Structures are given as C-alpha cells and as structure tokens.
Protein chains: 2
Amino acid sequence: MTQKILRVDMGKGTLNYEDVPEKYRRLGGRALTSKMISDEVPPNAHPLGPNNKLIFAPGIVTGTGSPNSGRISAGAKSPLTGGIKESNAGTPFAKTLAQKGIKALVIEGKAKKDKYYILKLGNDGEELVEADDYLGMGLYKAYDKLHEEFGDNIEITGVGIAGELGAANAGISYTDPEGMSSRYSGRGGLGAVMASRGIKFIVIEEPEEDKIEIKDKETFDKGRKKLAKALSEHDVTKKGGALYSYGTSVLINIINESGGLPQRNFSEGSDDRSAQVSGERKAEEIKKRGGVRPHKCSPSCIIRCSEIWTKEDGKDPVGVLEYESVWALGPNCGIYDLDVIGELNRACNDLGMDTIEAGNTIAVAMEGGLLDFGDGEGALKLMDEIYNKTALGRILANGAEYTGRAFGVDRIPTVKGQAMPAYDPRPIKGIGVTYATSPMGADHTAGYAIAPEIMGVGGEADPFDIKKGELSKSLQRATAAIDSAGYCLFIAFAILDIEEGLEGVVDTVNGVLGTDYSIEDVMNFGKQVLETEREFNKRAGFSKEDDRLPEFMIKEELPPHNVVFDVPDEELDSVWED
Amino acid sequence: MTQKILRVDMGKGTLNYEDVPEKYRRLGGRALTSKMISDEVPPNAHPLGPNNKLIFAPGIVTGTGSPNSGRISAGAKSPLTGGIKESNAGTPFAKTLAQKGIKALVIEGKAKKDKYYILKLGNDGEELVEADDYLGMGLYKAYDKLHEEFGDNIEITGVGIAGELGAANAGISYTDPEGMSSRYSGRGGLGAVMASRGIKFIVIEEPEEDKIEIKDKETFDKGRKKLAKALSEHDVTKKGGALYSYGTSVLINIINESGGLPQRNFSEGSDDRSAQVSGERKAEEIKKRGGVRPHKCSPSCIIRCSEIWTKEDGKDPVGVLEYESVWALGPNCGIYDLDVIGELNRACNDLGMDTIEAGNTIAVAMEGGLLDFGDGEGALKLMDEIYNKTALGRILANGAEYTGRAFGVDRIPTVKGQAMPAYDPRPIKGIGVTYATSPMGADHTAGYAIAPEIMGVGGEADPFDIKKGELSKSLQRATAAIDSAGYCLFIAFAILDIEEGLEGVVDTVNGVLGTDYSIEDVMNFGKQVLETEREFNKRAGFSKEDDRLPEFMIKEELPPHNVVFDVPDEELDSVWED
C-alpha cells in the first residue's frame, strides 16, 4: 500500500520506483513539487536544459473521494518566469495517479533531440513508446488516437504543438472526465519543460487496486462530511449557487461593474459590451446548444463550476470557457463574441496553451499594431500561425512579454514575465499585491483577494484601500496549504466563511496522514511552502524589485475610476515579513 | 565658451540648452551618461517607454586633439539587459558634438507612435525635421541621402531598420571619416531607445567655433605628448605594430591558438580553418582589393587599427571588419569565408545592428536547427528577413537570447541577456569574470583581461588560474575611467606597460578640467562610475545571482582544453568588494 516516487530519467531511459524519503512523507501537491524542485533543480538551470525537472504530485487528499480533491500539482523551473513554478489542475488524472500509489512522478534528463515518447503507466508495467505519429497533431485528435491505441480505461496528460516549439506558453493538458483535452496546468510554460525532456504524453491506466492509504479513517470521514456540508451551504459553492449555475464566468458582470475588468490590453476597466460574454449569457447559450452545464472537472467535485461549450450546431465541444479565458480572449482583446472566444479557447486547448497568457499575448500583439482590437477573425488566424509553427507562431507561443518585445510594445501587463489574469490591480489593490509578490508571477489563484474585495467572502475589504499586505499574505499562505492538500481552491469560498468547513479540511488531511495538525499548523505549513519557493527564486536571481507591477500601471490611470496602482513598495514587501 | 546640456523632449517637441550643474561639471563620457541615467531614469522604466532617456556625452578630452580621444558614450536603460548601459564608439561625431559645446545631449519623451524625426544641430540653430522618407531604408543609402540633403559638412548618428523594429539588438550608428555607417555604439540595444523616442537621425554641422575649453593648456600639452610617445613606442599600438598592420583581427590566430576562440556557438575553442579569416589574411586581401588598411576611425587616432574592407571587385565598402565581428559572424557560425563575413558585416552596418550580438544570434539559430552551421548563404538570407521586417526578422533582431527562446535552445552564451564576445571564458577565466560581473552584461571591453592573460600586456596572468577577481576589478575600474575620459580603450595597451603614458592621460584630463587628480584619484573615479551603474541595476532588480555565466559553461567542457568555467561565485563577487 505504500506510495512511491516514480523517477523517469529520459537521458538514460530508466524508470525507477523509489521509497518516499521521510522528509517528503507528509507533503503532497504544491508542497511536494516545490520542495523537490528546490532540493533537486539547480537554480541556474536553463528551464529547457538537462538539469531542470518536471514533477507531478497529487495532493495529500487527492483520490480519497473527499469533496473537490481531484487536484494535481505540476512543478518545475519555469521557462516563462525563470523562477519556481507550481501549476495545478483538477482532472481525473490526479485521482488515478494517486490511486496507483504514485506520490510524485519525476521526469528528468532529456531524450535525444526531437525524439518524443509516450510514457505508459499500465497495470502490467511501465514503458516508453515512440510518439512520432503524434507530432504536429492537435490534442483533441491526439487524445482520441491515444484512446484508440491504449483503450478507454486511461487518463492522459500531454503537451501540444506549443510544447513541441519549446514555447514559454506551453501548458500541460489533462483529460477531463470525457477524455478531452480541457484541464490544464496552464501557467508558466511547464509544457515546454515536459516536451524538452522528450515526453509528449503520459498515459495512465486506471489501477486495479487503490493504493491510497488513509491512516485514520474516522477522522477523515468526519472531515469529509464537514467540508461537504459547508460547500453545500455556502452561496458561492452550493448546488444552484453562483458557480453551479454560471461557472466562473459569473464574474464577468460583477468585475465589469466594479471597473476592474481589463479591456483592450488593460486600457479601461469596464465596457458595456462585456455583458455579451457574461456567465449568465453563456449558460443560456449552452442550454440552447445542448452543451453541458453544470459539469464536474473531476470525479469528487460537488461544486460543478465546469461546463462544456459547443458551437451553435452543438459540435466542437470546448471544456471549459472559464471566466479568465473568456476575459483574456474576449474583452481584453476587444472581442465581445462568445463564438469567437469559444473557438480561440478550443485552439488553445488543442495547441496546448494557457488561455490567460494567450489572450494577453493577442492583446499585446494588437497593441503592437499586428491587428486591430476587436478583430476576432485576425485573432483566430494567429492561432493558425502556431499550428503551422511559423516564426510568428513561435513569437506568439512564447507569451505576452515576448510578443511585446517583438512588436516594440511598452505596455505589457506581466509580473516576473507572466501575464496578468482578469482583474486590473489599479482599482482592486489586494489582487495587485498578490500579482506582485507571488513567487509564481502574476497569478490570481495565488492569493485571491477578490473574495473579500469584491465578493464579500472571507470578510470585506475596500478594493481601493492600499493596505493589503496582510490580506494577501494570509491568503497566499492559506492557498499554498490548500494547493498542497489537493483541494480545489474554490472550497476557500466556503471555508473562509464557515469554520466547520475549514475544520473539515484539516481533519481530512490529518485523517490521511495520521497527524494531529491544528488550523494554525496548516497555515504555518503554507508559509513554509511560500518560503521554499521564494528562496529558490532568490537563488535564481530574483530580488524584491521583481515583486513589483509593471511601470505603466503605476503611471497610467485606468478609467472609469481613473486610479493608478499606488500600493507602496513597503506594503508589497510586508507580505514577506512575519 | 561654456559647455551646455542640450535637452530634447520628443513628447513636448522642445529643445533647450541648460547650464551644466556643478555635480556634472567634471564628468564626461561614461561617467556622465551613467550618472545622469541613474539620476533621471526610474529603474523600473520600460526601456522603450516614455520614461527612459538616451544620453550622448563626449569624453572629457574628446575633441581636444589628444591622441585617440574621439570617443562618444551613449547611455540609457538597455532593452537588451534591462540594466543600465553605456556603449561607446570612436567617430568624428564625438569631436564635433564636443566642439559644438554640447557636454551631454539628452533625448527624452516619446514622439507620436511611428513618427520619426531628424534632429538637426546646425550652425544656425536646431530643428526637428520629419524623417518619413528614410523609413525602411538601409543606412548606407540613408547616410548618402542625408549628405545630399544637409551637405557634406556634417556628422551623423542614426538608427536603422532594427531600430524601427524596436529590437533589442538595434545599435546606434555613427559616421566614420568617410561619412559611412561604420562606427557603432553597438551593444545593448540603444538604437531601439533612440528610435522609440522618435529620433531616426541626428545630423550635426561642423561648428564654426570650437567651444572646447582647456583650463590648463600647459599641463594638457605635456600630457598629450607623453601619451603620444607611449602609443608610438608600444608594440601593440605603434606604427607598424600589431593593430596598425592587421587591425584587431590580429587576435584571430592568437586566440584560436590559445584554445579560446569559440567555434559553432561556443562548442569548441579552436579550429584550423580560423586561419582563413585571420587578420594577416584579411590585410593581404584588403591590399589586393584596394581597400584601406590602416585607417583612422576618428581624426585624433594615431593607432589606426581600423580599415575599409571591400568585395573582390573593390566595391561595397565595409568599415570595419573587427576581430569581434569576424569571429561572431565567422567561426562562431562555422563560417570561414571573409567574403561572406564581409557581406554579413555590411548588412549589420546597414540595418543598424551590433555584430557581436548578430553573430551570436545566427549561431544560436543554427543550434536551434533553423539552418546548418557553416551555411553562409543561409545566414545572409536571415539578414533579408530583418530588411523585410518579417516575424523571423523580428526574432533575429532581438538578439541571441531572444532567438534561443524562439527555437527552444538551452545553450545560450549570454550574461544579463547580452551575448558574449570572442573569447570563451572557460579556458580564459579572467575575461569570464568580467563577462559575469560587468554591469553591462557580457562585454570584453569592460575589463579586458585578455591583455595580461594572453598578450602579456599589463603583466602576465595564467589564463587557467581561477583567481581573477582582483584582475578584473582593477581593469574594470581603469576602463570606466578611460571611457569617461574619452580615450579609446586601446591606449590601455600602452599605458598599462608604460608609466609615462598613464601620466599623460591623467595630465590631459587635469589640463582640460583644471584639476589636480592623481592616478589613484582616477582609479577611484572609475570605481565610483561602476558603483553608480551597479546601484542602478540593483534598483532595477539585479542581484549577485545575475553576475554569473550561463549554466552550460559551468557544466560543459570546452575542447581542446576540456575545461569548464570553474571560477567560484565568491571570486566573482569579490569584484565588488573593496
């Protein structure tokens, strides 16, 4: 029943199961990937070079059936930021890896140049299979083909054409419950790290025996129920609630209303046309077209924010048009058409790219004069450039900052090289503090200050108040803990407001590990994860000056509130003080 | 007679002469540009954004007629490194600017998007003239046209097509005595800073009155003679000496012999075919073809390392095929053909690009599989991509690191984003310490350890010895002083060995300024310049981890000596200790 580390050396062509060292036994998810990357990857390693590693780790509770526990963390030194990266996703792949008894899957070394393999983790053994037939193929088709080749009883993770390009916006795709490429460790270019090892896909068979060990079943069950109860009671997460009914896109109207929904490369904070791409509007269309809404991204989910979007004729499914994706590929490009956004999102899923970075990239290219804001046709043609691996495609696949350089743009909304999500930090300061200080680069999930600033969840905070160091700090710590436990971040809405839910989380972790952690222990644990990550970044050359927003956001007022980002540097730095 | 600062605000369209503040009165060249950039440019400024500035400053002795004093410094925040940059050149433009009484020319603000101007500094006033007719034109033709438009009594500085692209390898071109585009503030992308202000060319008329003031003529004259004597006696700098006879390319055979001449993107340290592109071979060809050798890059030069290369039929002049350029565009790309190298160099001069970065870029593209090493035809076609402003051209014009990312290359020979010159730091450690620690990024001129390590000038140092912190430190300080005085760095060969020459330098500086500096004062002055630069970089986010060579040079042995770069980090950091 003991969980193992599976180490695959693509330079040597070896696969070895290793015992889990004592120091890693009580870690999972982000805590485990970040600690192992910190321990094993030299901070000066070139992200695509032989000394970087890609590590997959399910969370501590992943695969146990606790609610919303289907998360997997992928970690590496990021080609996009040059720092440590953990990017997590909800997918049945997570549960399957955990149930197979793999606590961490380490991909290291590099195969011969331009050689790609499928790593098959089957019930009768592991093997590396040549992937030549899959090169240059979109992931929708590739996943179908993999199912034909390896059967239906599998989950898949893989990299697309963007990964083959070694591009810094190559994400890692995972199957959703329908077997489609729609779940993503999108951010930070980890797909390029995977591809540079020579791994194109990992195919894992559903194991015959569930190898997850729950040390204290009683505590675990008690916790699982408490958490389920909290999730089913909170307005945001309950059945029929906001996420259930409209998915994450419920935020389009809310954030647009707040004046913080970036339009046309962060030039304005609202536009009436945003309503045309709102979650409400989308849910209506999905119903009409015969898509799926609500939908689970992974088996244990009870929130069901996911969905399957289709074209008007019910064809070409896309899972899922998230709020962030709709915004990035929509209003941020001056595009207010769900069909165009759907096609762009499908292309991203198919090419293996992060939608947030991709949308920012298109917007920056528009700012640079490559095409006009609002030109949906033009944006779709840009995707073809990536399919065709043209020079322009190589530029675009490398993300917003890279593309900005190609076109001489000086307004580039990135931190540590990573493009910003769907909240302008000028009128919503707390999320700006998270963007600035997270070791991950601009990342809303790293410390989601929007909850108290806009949604009134987990207390209330004035979005214009510049004292947000403390808020971002505690959210970042809690997030690091949740990402390590293996829970979906959306449980936070419930557990921030309902104490019993938080207890449930701690109980389930204690149940699996046989530990006796307090809530405070768990927060401290999150703090340690962050410090490990920050220390890696420091050794990789980052300083506090990298914990800053780009110049234009400090100088240029954002309509309609006409505010700049004016959180003082000292407030930003306070995130790292005790 | 008083010198002024000329400030041109391209946002406001204003030109103002200002008095020189007390704190800048005794500064010139690099000391002045670096101090002003440090004082006036916010360290978080986007290099192409409205808050960066480009500053030209002649050296303290520039224009006085002291030997080899025709230098100009250009300074800004670099688009290539993200740090402070000073890039200096020898050109008649320097003398002319100084004699016109301009101690510093500051270009700030930004003109309207895609609007370009010629800044004319005429004897009857200054004006901004629209430059529309010159866009997309090569600099050879453009400089001819400018001479037609503004007369022959002018010197020019300008940016080419690379600058119009906002590309990080856009250099600033200056006229040579023949009026051609061949002298360069090449490194660090300052051409993109100039272009982003909306300045395409600066045309300066020879002034009717020489406004240079020499406070103590007697001391100055004494110094000038001492320096001239030293230069005329030292083997490297004298008439008929190495530089006079063969130009800087005399080093091709010497460095190849040492095992430190990088071949095929820093994969080997020597190749017998290097002899085909040696300085000796080139001098022979120039003679045969009717080019010019030796040649002065600027009026006061008595070393005359420069030259004018031509095609076999004596046409298409190129000034000058430097050692660094021949290496970068030649052996480093596996190209051993002077005619191909000459054409590539001419394209760089015409496009407005640094040859070192351009050669490294081609080599990295070759490593990335875009074309084969040795493919000279292919390399020339890459230049057409830049002329045509294609997407591939935009990639290439942004330099080696950027191009490496486009093609997924993990062996990229850069420090702080700037590509390495023609000495592999693995078998010649001292130059590696300079590459690593210079605030400028990888730059041989910042502290030319090759002199003692290979040439036996300024003492002797074992190139394989890893104790090189002290050597690089003192060379970097001396260099910063020379770059500020306005002397060509090549006087260092003579003044390192001949004490009287060094005295001459200090005397001339004292003569111009009316000061009484000692040699020690001057070295301390160099130290202060470096500290100003390093402090700017620190505020811009650099840490000591940025003072490192790329990973592959630390891990990968270089034939024929089969050594890695093994100077410890502490030794590197010692450059910044007292």
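A crossing of two helices is left-handed if the near helix is turned anticlockwise from the far one by less than a right angle. In the predicted model described here, this is the sense in which helices α1 and α21 of chain B cross. Helix α1(B), residues 29-40, and helix α21(B), residues 519-539, have axes that come within 9 Å and cross at roughly 30°. Because angles under 35 degrees count as roughly parallel, α1(B) is roughly parallel to α21(B). On the side of α1(B), the contact is made by B:Arg30, B:Ala31, B:Ser34, B:Lys35, B:Ile37 and B:Ser38, and on the side of α21(B) by B:Val529, B:Thr532, B:Glu533, B:Glu535 and B:Phe536. Sorted by class, the contact of α1(B) with α21(B) has 4 nonpolar, 3 polar and 4 charged residues.

In chain A, 6 strands form an open sheet of mixed pairing, in the order β2-β1-β6-β3-β4-β5. The edge strands, β2 (14-19) and β5 (84-90) of chain A, each pair on one side only. When direction is ignored, neighbouring strands of this sheet are turned by 20° against each other on average. Strand β4(A), residues 71-77, pairs with β5(A) in the antiparallel sense over 7 bridges, and the bridge partner of A:Ile72 in β5(A) is A:Ala89. Helix α5(A), residues 190-197, lies across β3 (53-58), β4, β5 and β6 (102-108) of chain A, and runs at about 115° to β3(A).

Backbone geometry was also examined in chain A. Most residues other than glycine have a negative phi, and most peptide bonds are trans. The peptide bond from A:Arg293 to A:Pro294, however, is cis, with omega near 0°, and A:Pro294 is found in strand β13(A), residues 292-295. A cis peptide bond also joins A:Pro559 and A:Pro560, with omega about 5°; here A:Pro560 is placed in the loop between α22 (551-555) and α23 (569-573) of chain A.

Positive phi values occur at A:Arg304, where phi is about 60° although the residue is not a glycine, and at A:Asn562, likewise a residue other than glycine, where phi is near 55°. A:Arg304 is found in the loop between β13 and β14 (306-308) of chain A, whereas A:Asn562 is found in the loop between α22 and α23 of chain A. A:Arg304 is buried, since 20 other C-beta atoms lie within 10 Å, while A:Asn562 counts as exposed because it has 11 C-beta neighbours inside 10 Å.

Methods:
Residues are numbered from 1 along each chain as its sequence is written. Chains are lettered from A and ligands numbered from 1 in the order in which they are written. This is a predicted model: local features need pLDDT of at least 70, side-chain atom pairs count only at pLDDT 80 or more; totals for chains, interfaces and linings use all residues. Axes are lines fitted to C-alpha atoms, for helices over the stretch in contact, and angles run from 0 to 180 degrees between N-to-C directions. Helices (H or I, at least four residues) and strands (E, at least two) are DSSP runs, numbered from the N terminus. Angles under 35 degrees count as roughly parallel, over 145 as roughly antiparallel, 65 to 115 as roughly perpendicular and the rest as oblique. Two residues are in contact if their C-beta atoms, placed from the backbone, lie within 7 Å. Ala, Val, Leu, Ile, Met, Phe, Trp, Tyr, Cys and Pro count as nonpolar, Asp, Glu, Lys and Arg as charged, and the others, Gly among them, as polar. A residue is buried if 20 or more other C-beta atoms lie within 10 Å of its own, exposed if 12 or fewer, and partly exposed in between; C-beta atoms are placed from the backbone. Two strands pair if DSSP finds at least two bridges between them.
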